[in-house]
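Student: Could you walk me through how to read a model like this one?
Tutor: Gladly; have a look at it first.
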Number of protein chains: 2
Amino acid sequence: MVDFSIQLEKIAQAVGILQEQNVDAWMTFVRETEHNADPALPLVSPSNVTWHTALIITKQGYKVAIAGRYEVVNFQRMGIWDEVISYDQSIQPALLEVLNRLKPRQIAVNYSESDTAADGLSHGMYLTLQRYLAGTSFEMISAEDILNPLRGRKTPGEIARIRAAVALTDDIINRITAYLKPGQTELEIANFIHAEYKKEGVIPSWDPGHCPSVTCGPDSPVGHVSPSSTFVAKAGQLVRIDQGVILNDYISDIQRVWYLQPPGESDIPQPILHAFDSVRAAIMAAAAVLKPGVEGWVVDDAARKTIVAAGYPEYQHAVGHMIGRTVHDGATLLGPRWERYGRTPYGIVEAGNCFTLELGVQIPVYGLVSLEEDVLVTETGVEWLGHVQTEVIVVPTAS
Amino acid sequence: MVDFSIQLEKIAQAVGILQEQNVDAWMTFVRETEHNADPALPLVSPSNVTWHTALIITKQGYKVAIAGRYEVVNFQRMGIWDEVISYDQSIQPALLEVLNRLKPRQIAVNYSESDTAADGLSHGMYLTLQRYLAGTSFEMISAEDILNPLRGRKTPGEIARIRAAVALTDDIINRITAYLKPGQTELEIANFIHAEYKKEGVIPSWDPGHCPSVTCGPDSPVGHVSPSSTFVAKAGQLVRIDQGVILNDYISDIQRVWYLQPPGESDIPQPILHAFDSVRAAIMAAAAVLKPGVEGWVVDDAARKTIVAAGYPEYQHAVGHMIGRTVHDGATLLGPRWERYGRTPYGIVEAGNCFTLELGVQIPVYGLVSLEEDVLVTETGVEWLGHVQTEVIVVPTAS
């Protein structure tokens with residue numbers, strides 16, 4: 001049986017947010033969500049839909065699902081919708097009937113230039129809505145201000161699931177430590193991790209082609225890149241792995257760095273230690289300012305200044321993104337005020353937000369020192385969701 | 001290593017279609033495709049992207065990928081892009097530079113009211129493009145007429161993969177026949193099928209929550225519904241299963257019907273035989289008119305008239321949809337001319353199209369008789385991609 005406990009939590013939360021924002025109605029309008037996914041749909045529906053489907057929630061807490069004949073049962077089974085309306089040839093008559101009856105002044109729909117998680121309405125579907133509503137007085141507005149808090153304020157059920165995904169990832173990190181050896185290619189290491197995921201019945205947090213992302217030594221390209229057979233773990237160099245799992249629909253996203261210590265060496269080379277401590281300091285600086293009420297960019301700025309002051313170049317991304325159902329869970333970004341991030345760095349951090357904190361520096365000879373931790377924002381600050389990497393993990397190598 | 005053989009085939013095909021349609025350039029413009037997927041992206045990129053990414057292909061066959069710093073390597077590795085341009089803070093300057101240099105009159109972008117597979121551009125991303133291109137003379141048009149044939153004309157590589165998915169599904173159908181017994185709930189049967197998928201290392205063609213869709217007896221609701229523990233396979237009744245697998249990124253989609261024969265009974269009850277033969281006749285009628293040059297609705301009409309003439313109600317869906325990377329692969333629909341299908345039933349069938357042919361009737365006492373076959377359109381007609389169900393599969397039951 002499909003579990004919709006999370007959807008019940010999120011729908012109740014949505015009503016409260018509509019009241020807060022004083023918006024009359026929020027509508028998720030979708031079709032063929034297997035390949036035209038709306039990231040907002042899983043918050044209110046436990047399954048995908050094929051035909052045009054409208055899920056309407058009002059400020060008064062009234063809930064209407066309009067769906068094709070073969071899909072209404074999934075909504076009826078949820079037991080939460082005040083009306084579940086079925087149609088065959090066109091959704092338009094039922095949709096207009098419901099809206100004319102509920103008379104919302106504004107209808108918030110899922111589009112946003114800034115927040116990708118609030119931008120699930122396709123342009124074609126927007127044109128369809130415009131056509132359906134031509135001649136009516138309903139005002140279509142962006143649901144960004146509904147979806148941002150709805151997605152960002154994790155419910156107890158959501159936090160429990162994220163914790164479980166992080167705990168499993170921590171465990172897999174220990175298995176990687178036991179496995180790593182000089183001579184392994186990035187691809188072999190990635191395959192080992194995929195096999196562990198398979199054993200646990202989970203899938204990678206993002207594209208299996210580059211989750212895990214494995215970086216061996218100083219020459220491997222950094223980024224969302226597929227592991228290759230070209231680069232190999234070597235004694236005297238670093239291995240950096242960025243990975244996470246989807247467990248029960250919620251994800252983890254963690255980076256760790258290992259040093260393959262050559263035989264006879266008992267210290268970690270100074271450049272590695274300096275880089276590690278600087279990256280760690282930047283993450284701690286971000287954590288220190290991360291609390292309810294601050295704007296996202298302020299958190300990024302704290303980390304960015306710390307790493308630059310330590311003599312390293314700026315990282316070319318955000319220090320943190322939300323995690324939840326997806327690895328980049330939209331809403332507020334802990335990132336710089338760059339054009340491509342739109343309004344997201346100006347979002348206000350709230351209690352219940354779950355973020356990653358991540359950055360790295362590339363050092364000659366050794367490779368990439370990059371860390372990523374998952375945190376929950378509480379009323380007073382930050383709670384680390386898993387084990388935190390406080391020193392380079394040393395893997396002794398045989399001669 | 002990521003396999004991009006299909007993408008190379010599709011990109012070459014896209015250039016030919018741009019010439020056919022006399023459109024200067026086609027641009028796929030995406031970000032965060034883990035949760036804001038554009039169904040067109042996998043045709044030209046073997047992996048998801050996070051930052052704003054523009055993939056531009058011109059009628060002259062010139063190909064430019066503009067992507068964020070951490071994602072350019074995936075495009076460089078494809079070896080097919082004439083330029084791979086990296087950016088950090090905003091894609092706008094590079095995008096404008098490229099467009100001003102290439103000077104396309106029209107830029108086809110991925111939106112469509114009718115064809116969901118051509119509607120991957122979100123409304124927020126459309127607004128971003130409008131903002132970027134303000135004051136320029138480029139005309140943004142719908143890429144529907146590019147994506148429809150690009151998606152619909154399967155390449156040899158694509159057809160081989162669909163065949164493999166169908167062959168595996170045929171094999172799993174045999175395993176289901178050996179497994180079925182009275183007393184099993186729909187959920188148990190679905191779990192058995194999921195276990196077989198897992199053994200084969202494949203995942204369901206659509207939402208695991210309702211792929212397979214299992215219908216036991218006459219009272220179980222029909223549609224895209226999750227299997228429940230409420231309904232049970234019974235001697236003297238039918239089991240109908242709709243399922244498919246994703247193998248190597250390509251899918252199958254097949255429905256079969258089984259009769260659980262009570263001990264001592266040697267014939268199949270007449271109402272079942274009549275329903276089966278009528279459904280089969282309707283599918284054959286559709287197959288008989290399915291060839292290059294016909295409009296989609298004509299194929300649906302042949303099946304619809306046949307089943308109505310046999311004394312059954314009309315089915316409330318299309319008789320056939322394309323299959324490929326996804327189970328509803330967009331483009332031409334073999335469906336009735338209903339509002340919700342937009343222009344898709346008016347699409348012209350072409351050689352290389354792969355469709356399902358499916359319909360069913362519900363009969364009292366026994367249950368659902370519903371079949372679905374996967375076919376390839378050839379120059380002269382139809383090639384069945386797998387075994388075809390020509391009679392009810394009988395499962396003898398013990399007393």
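Predicted model: local features only at pLDDT ≥ 70, side-chain atom pairs only at ≥ 80, totals over all residues.

Student: What is the strand order of the open sheet in chain A?
Tutor: In general, strands of a sheet pair through backbone hydrogen bonds, either parallel or antiparallel. Here six strands of chain A form an open sheet in the order β4-β3-β2-β1-β5-β6, with mixed pairing. Strands are DSSP runs of E, at least two residues, and helices are runs of H or I, at least four, numbered from the N terminus; two strands pair if DSSP finds at least two bridges between them. At the edges stand β4 (83-87) and β6 (139-142) of chain A, each with a single partner strand, so one side of each has no neighbour in the sheet.

Student: How many bridges join β1 and β5 of chain A?
Tutor: Three bridges join β1(A) (residues 25-30) to β5(A) (residues 106-109), and the two strands run parallel. Trp26(A) stands opposite Ala108(A) in β5(A).

Student: How do I read a helix pair?
Tutor: Two packed helices are described by the angle between their axes and the distance between the axes. The axes of α9(B) (residues 270-289) and α10(B) (residues 296-309) come within 8 Å and cross at roughly 155°. Axes are lines fitted to C-alpha atoms, for helices over the stretch in contact, and angles run from 0 to 180 degrees between N-to-C directions. α9(B) and α10(B) are therefore roughly antiparallel to each other (an angle over 145 degrees).

Student: And how are the two copies related?
Tutor: Two copies of a chain are related by a rotation about an axis and a shift along it. A rotation of 180° with 0.0 Å of shift along its axis superposes chain B on chain A, with RMSD 0.0 Å (by least squares on the C-alpha atoms of residues with pLDDT of at least 70 in both). The two copies are thus related as by a two-fold rotation axis.

Student: How many residues of chain B are in contact with chain A?
Tutor: 58 residues of chain B are in contact with 59 residues of chain A (C-beta atoms, placed from the backbone, within 7 Å). Of the side of chain B that touches chain A, α5(B) gives the most, with six residues.

Note on methods
Residues numbered from 1 in each chain as written. Chains lettered and ligands numbered in written order. Parallel < 35°, antiparallel > 145°, perpendicular 65-115°, else oblique. Contact = placed C-beta atoms within 7 Å.
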